[in-house]
Amino acid sequence: MAITSREDLKDYALRRLGFPVIEINVDDAQVEDRIDDALQFFSQYHFDGVEKVYVPYIITQTDINNKYINTNNINAGSSGGEIVSIMKIHIIDQSTQSGMFSVQYQLMLNDYFNGFLTGTSNLNYYDTTKQYLSLLQQFLSPEKQIQFSRVTNKLSIQADWSETFKVGDKILVEAFVALNPETYPEIYNDLLLKKYVTALIKRQWAANLSKFSNIPLPGGARFDAATMYSDATTELSQIEDTVQSKYELPVDFMVG
C-alpha cells in the first residue's frame with residue numbers, strides 16, 4: 001500500500017517495529033520529531049527532496065540600502081518549500097534589446113547568410129563565433145559572485161549596489177528549493193525515507209529504555225536497549241552513507 005501522508009508514514013514505521021503486537025515506548029511527540037528530522041535529512045541530501053527553480057525577483061530600495069536580498073522575500077513558486085541553496089543569479093539587462101533585434105541574433109543571422117551564400121558556412125565557424133560572443137559577454141558583463149546563508153536568509157551579491165542596481169531592476173535567481181511533502185505526498189513513500197524514519201524511531205525507543213536490559217517480551221524473547229540502540233545507529237549510518245554516495249546532488253553550488 002502506497003504511503004501518501006505523514007500519518008501513513010508514522011503508522012508504517014511503528015508497524016515495522018512491531019506495533020501493535022509489541023508496545024512501542026515512544027511518545028507521539030517524539031515520533032513527530034523524528035519524522036521532522038528524517039524529512040530535513042531527505043531535503044538536504046536526496047535529489048528527490050529538492051527541485052531546481054528559476055525565480056524572478058525585482059530589486060527594491062530596501063535591497064539597495066541593505067546591500068543584500070532577504071530570501072524570505074523570494075517566492076519559490078509551486079514547490080512550496082524553503083530555499084536550500086542558490087547557484088547563481090542572472091541580471092536581466094533592461095537596456096539590451098532581445099529576440100530577433102538583439103545584437104547576438106543579428107550577428108548570427110548575418111554570419112550565417114554570408115557563409116551560406118559564399119559556401120563557407122560550417123559548424124567550426126559557428127562554434128568559434130559563439131565562443132567569441134561568450135568571451136565578450138564575460139568581459140563586458142562578468143558573472144556576479146554571490147554568498148548565501150540559510151541561517152541569516154541573506155543573498156549577498158559582490159557588486160557596487162548603487163552602481164549596479166536601481167529600484168525595479170529584475171534578476172533571475174537560480175536555486176534549489178526543498179519540496180513540501182504536503183504538496184508532493186509521493187515523498188512519504190520513498191523507500192529510503194521510510195527506512196530512515198523507522199531507524200530513528202527505533203533509536204529513540206532504545207534511548208527511552210536505555211536504563212533497562214533483558215526485559216521479557218511476549219513469546220519468551222528479551223529486550224536489550226543497548227543492543228537495539230547500537231543496531232539502530234548502524235542502520236542510520238548505512239542509510240546516510242547510501243543517500244550521500246548515490247542520491248546526493250554534486251557539490252557545485254553554495255549551500256547555506
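Predicted model: local features only at pLDDT ≥ 70, side-chain atom pairs only at ≥ 80, totals over all residues.

Trainee: Which residues touch the most other members in the largest nonpolar core?

Mentor: Leu9, Leu193, Tyr196, Val197, Ile201 and Trp205, out of 33 residues in that core. A nonpolar core here is a set of buried Ala, Val, Leu, Ile, Met, Phe, Trp, Tyr and Cys residues joined through side-chain atoms within 4.5 Å. Buried means under 20% relative accessible area, exposed over 50%, partly exposed in between, with a 1.4 Å probe and protein chains only.

Trainee: Which helices each supply at least two residues of it?

Mentor: H1, H2 (28-45), H7 (191-208) and H8 (225-247). H7 gives the largest share, 9 residues. Helices are DSSP runs (H or I, at least four residues), strands likewise (E, at least two), numbered from the N terminus.

Trainee: What does a second core include?

Mentor: Ile59, Ile157, Trp161 and Val177 are included in that separate core of 21 residues.

Trainee: Switching to voids. How many cavities of 30 Å³ or more?

Mentor: The count is 1. A cavity is a set of points on a 1 Å grid over the protein atoms alone where a 1.4 Å probe fits but cannot get out; lining residues have an atom within 4 Å of a point. Points are joined across faces, edges and corners, and volume is the space filled by probe spheres set on them.

Trainee: What lines the largest cavity?

Mentor: Among the lining residues are Ala38, Phe42, His46, Asp190, Leu193 and Tyr196. H2, H7 and H8 each give two or more residues.

Trainee: What is Leu193 in contact with?

Mentor: Leaving aside neighbours within four places in sequence, Leu193 contacts Leu9, Ala38, Leu39, Phe42, Ile187 and Tyr188. Contact means heavy atoms within 4.5 Å.

Trainee: And where is Tyr12?

Mentor: In helix H1 (residues 6-16). Tyr12 and Thr198 are 186 residues apart in sequence, yet 8.3 Å apart in space, C-alpha to C-alpha.

Trainee: Last one. Is Thr71 buried or exposed?

Mentor: Buried, because its relative accessibility is 6%. Thr71 sits in the loop between strand S2 (69-70) and strand S3 (83-92).

Methods: Residues numbered from 1 in each chain as written. Heavy atoms only, no water. 1 Å grid on protein atoms, 1.4 Å probe; cavity = no way out; pocket = protein on both sides within 12 Å on 5 of 7 lines; lining within 4 Å.
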